[in-house]
Amino acid sequence: MIKNYFKIAWRSLIKDRQFTLLNVLGLSAGLACTLLIWLWVEDELSFDKFFEKDSQLYQLMEHRTTAGQTGTSDESSGMLGEVLRARMPEIEYAAAVAPPEWWQKFTLSAGDKNIKATGQYAGPDYFNVFSFKLLAGNKNKVLADKTSIVISDELARRLFNTTENIIGKAIRFQQQQDFFVSGVFEKIPYHSSTQFDFVLSFEYLKDIQGWVTSWNNTGPHNYVLLKKGTDIASFNKRIAPIVTENSGDSTRSAYASRFSDNYLRNTYDHGSRVGGKMEYVRLFSLIAMFILVIACINFMNLSTAKASRRMKEVGIKKVAGARRGQLILQFLTESTMLSLFAMLLAVGIAWVLLPAFNNLTGKQITLGFTPQLIITVLAVTLVTGLLAGSYPALYLSGFKPVQILKGKFQSSVAEVFSRKGLVIFQFTLSVVLIISVLVVYQQIQYIQKTKPGYNKDHVIRFNTEGKLLGSEETFIAELKKIPGVVNAGFTFNNMVGRNFGTYGLGWEGKEPNASIYFEGFGVSYDFIETMDMQMAAGRSFSRNFGDEQTKIILNEAAVKLMHLKDPVGKTIHLNDRPHQVIGVVKDFHFESLHEPVKQSYITLTGGGNTWNKIMVRIKATQEGETLARIQQFYESYNPGFPFDFNFLDESYQKQYLTETRVGVLSKYFAGLAILISCLGLFGLAAFTAQRRQKEIGIRKVIGASVKSITVMLSSDFLKLVLIAVLIAFPLAWLLMNEWLQSFAYRIPIGPGVFFIAGGSMILITLLTVSFQAIKSALVNPVKSLKTE
C-alpha cells in the first residue's frame, strides 16, 4: 500500500509539471533561506559555549545608580575577583583581565623578527577559569611569574617557525623587556568572543599601572569559576556590598553574570537584560519561519486551486472503497515527496550560496553534514511536507463522490475565502518585510551621515611605543612637516566607546553623596583642532597661556548635568585637585548612537603614557602618498616597531556592524519572500485563467476586449494585495518603531516608506498577474469553447 502511495504521488507530480515546478521552486527557495538562517542562528548561539565548565563560568559586573538611573558595566576594580575569592567559598578560581580591547597591538620581537600581535594581561588562574587548550605548559603555573608570557601556536610559528621546544625562550616586549615563554595554547576558537595572541601576567600590570588595584578606578574585567551547585541568586546577594565596602561608594554594587550569556544579551536597562544581539537572533528566526510559511501557503493555494482536476480521481477512489484516512495519507505522501525534492535542491542552493552568505555576515559557517544537521534537515522536511499538505489533504479528501461524479461539485465559500485569506497573509508578511528593510536602511544611512561632533574622516591613529614614548611632541612637530599632513595630536582615549573615566569630579552645588561617572579625555595641544571639535564657549588648550595642566574643558552634557551657569572661569575638582574651566566643547559622540551623549571632560596630558594614541589628519586628495611618507618617517624615527595604524572612521563604523549586516540580510530575505509570493500568485493566476477559459471565450464572442478581460482577471488579485497592504502598514510601523527605540538618535518613520512598499507590491502584483491575464485574453475563443 505504501509503495502504491509513492507510485501514485510520483505520477501525479510528473503529470502536472507546471504545478510541480512552481512548488519545488517556491519550497526550495524558502527551505534554502531557512537553512541558511538556521546555520547563522546556531553559530550565534554557540559563542562562548565551548568551555568545559560553561555553566560555572561567570563574569563579575557592576550596577551603578546615578540620579535614580541604574546602569550596568562589565568593568570594575582589578582587585574585585581576588578579594571575593578570599571571602566566598563558592569561588573555585578567579582571574582579573585587562582585555585586548584596551589596546591596539603590541610589538613582539624574537631574533630579527618584529611583529604586531594582540595581547592581554590576566591573573594566575586565567587558564583554570577559561579552558583554552594548552599545548605546552602547566595551567596552574604558566602565569605565576611576572616575566611569563603564554603564546598561541599560531604566534609561535610566526616568531619561531615552530611550536616545539620553545618553553623558556625569550620574547622582547615593546623593545623594552624580555618575557619568557611559559606555555603555548591552541589558537583561540572562532566561537570565542575574545580573541588574542598572547597573555602576560596581571601581576606585572599592577607594577606598571598601579591604578588597576584602586577600588575607585574601573577598567579591568573580573571572572570567576563557581563550584557546582552554587545558588547564584544567593551568591549575588552576598557579593553586592563588596564594592561599596572597599570604595566607600554606595552607588556601586557587584553581581555575577553567566559569561556565555553576555555575548548575545549585552544590553541592559535599569540593571536588567533587555536585548542585545539576541534580538537579532529572534528576528531572523521569525523571518525564517515567515518565509517557510509563505512557501507552504503557495503549496496549499496551488493544491486547492487545481482541485477540480482531481475531483473524479477522488470520487472513483471513494466509490471503489477508499477511506478518507487513506486519501489523506496519499496526499500527504505527495506533499512530503515534493518537500523532499525541494529540500535536496535547497541544500544544494545553500551550499552554493554559503561563501557569499559568510562574506555578508562575517561568519565562518560550514555546511558539515553532522548528525544534528541531518536530523534538523529531515525534521524540517517532514514538518514542511505535513504543514504544506495538511489543508489540501483534508480539503480534497472531503469531496462527496455522488456530487463529484454527477459534475455538480462547486467550490465552497469557505474554500474561496480560505484561499484568499492565505494570499492576504502571504503578501502582508512580504509588505512588512519591505517596510522593515526600508526603515533599517534609512536608519543606517542616518547613522553614517550623522556627524559625531568631530570630523572622523581621513584620520589615522596609532599607538605611541618605543622611542615615541616621552617624545610625542617632538615626533608630532616633525610629522606636521610631511606634505599631506593637515594636523596631528595625541590622546589616551580611543574616541570610540568608553575607555577611561572617573567618579572623582566635584563642583559647587554637587550633592555630597552623589557618585557620577564622567568619561575622561587626556589630550595634547592641537588635538581638539585636529579632530575639528567645536567650542561652545571659552577656548581650547593653547601654548600661548603657559602651563595648562590644571585647566579643564567640559562638554555641554557635563555643564547641563552639573547645573553650571557661565562655567568658563569656574573651579572644579578632579580627584581632589582644583582645575579651572577654560572652555565648553560642543557635545560629541564617543559611544554609538544607541546611547545619548554622556558627560565628559578634557584635560591636557603629557607624553610618556603607554595608552597614548597619535591622531593624524591627512589630506583626502593625497591619502596614499601621505601614508607612505608617514610610514617611512615612522620607521626611521622608531626602528624595530612596525608601523601599524587604522582609520578612525572604520573603527567608528564597526559600532554599527551588526545593524549594517542585518540591513543587508533583510534586503535579500525580503526579496526572496516577494519572489516566493509571486511564484504562488503566478500559479494561482494561471489556474484561475484556466478554470475560467469558457467564460473568457463567451465574453470575447459577445464583444469583450482584451483590456476588459485583463482587468477582470487582475482585479480580484489586486484587491487581495490592497487588503494585505492595509493590514501590513500598522503592523510594520509597530515593529519598526519598537526596533528604533534602541537608538537614542533615530529617524522618524515617514509616509514615504509606506508609499514605496505599497506601490512596489502593487506593481509587482500587476506584472505577475497581468502576464497570465493577457495570455488568456488573447486565446482564440473558438479554441477555448471547443476545448470545453
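In the predicted model, the buried residues of helix α7, which spans residues 232-239, are F235, N236 and I239. These three residues cover an arc of only 100° around the axis, and therefore lie on the same side of α7. On the other side of the helix, A233 and K237 are exposed. The cover over the buried residues of α7 is drawn from both helices and strands: it includes the helices α3 (80-87) and α8 (242-247), together with the strands β1 (57-66), β3 (91-98), β12 (221-226) and β13 (252-258).

Strand β12, one of the elements that cover the buried residues of α7, contains L225. With a relative accessible area of 1%, L225 falls under the 20% limit and is therefore classed as buried. When residues up to four places away in sequence are not counted, L225 touches K53, Q56, L57, E90, I91, E92, Y93, N128 and V129. Between L225 and R85, the C-alpha to C-alpha distance is 9.8 Å, although the two residues are 140 residues apart in sequence.

Apart from neighbours within four places in sequence, H191 is in contact with D43, S46, F47, D48 and F50.

Among contacts between residues at least 6 apart in sequence, 78% join residues at least 24 apart. The protein chain comprises 24 helices and 27 strands, and buried residues account for 53% of its 788 residues.

Helix packing was then considered for two pairs. Two packed helices are described by the angle between their axes and the distance between the axes. Helix α15 (residues 472-479) packs with helix α18 (residues 623-637) at an angle of about 145°, and the axes of the two are 11 Å apart. The crossing of α15 and α18 is right-handed. On the α15 side, the contact is formed by T474, F475, E478 and L479, which meet I630, F633, Y634 and Y637 of α18. By class, the residues of this contact comprise six nonpolar, one polar and one charged.

In the second pair, helix α21 (residues 693-701) and helix α22 (residues 706-740) pack at an angle of about 150°, with a separation of 10 Å between their axes. Because angles over 145 degrees count as roughly antiparallel, α21 is described as roughly antiparallel to α22. The helices α21 and α22 also make a right-handed crossing. E695, I696, R699 and K700 are the residues of α21 in this contact, and they meet I709, M712 and L713 in α22. The contact of α21 with α22 has four nonpolar and three charged residues, and no polar residues.

Conventions. Residues are numbered from 1 along each chain as its sequence is written. This is a predicted model: local features need pLDDT of at least 70, side-chain atom pairs count only at pLDDT 80 or more; totals for chains, interfaces and linings use all residues. Side-chain values use heavy atoms; hydrogens and water are left out. Axes are lines fitted to C-alpha atoms, for helices over the stretch in contact, and angles run from 0 to 180 degrees between N-to-C directions. Helices (H or I, at least four residues) and strands (E, at least two) are DSSP runs, numbered from the N terminus. Angles under 35 degrees count as roughly parallel, over 145 as roughly antiparallel, 65 to 115 as roughly perpendicular and the rest as oblique. A crossing is left-handed if the near helix is turned anticlockwise from the far one by less than a right angle, and right-handed if clockwise. Contact means heavy atoms within 4.5 Å. Ala, Val, Leu, Ile, Met, Phe, Trp, Tyr, Cys and Pro count as nonpolar, Asp, Glu, Lys and Arg as charged, and the others, Gly among them, as polar. Buried means under 20% relative accessible area, exposed over 50%, partly exposed in between (1.4 Å probe, protein chains only). The arc is that of the directions from the helix axis to the C-beta atoms.
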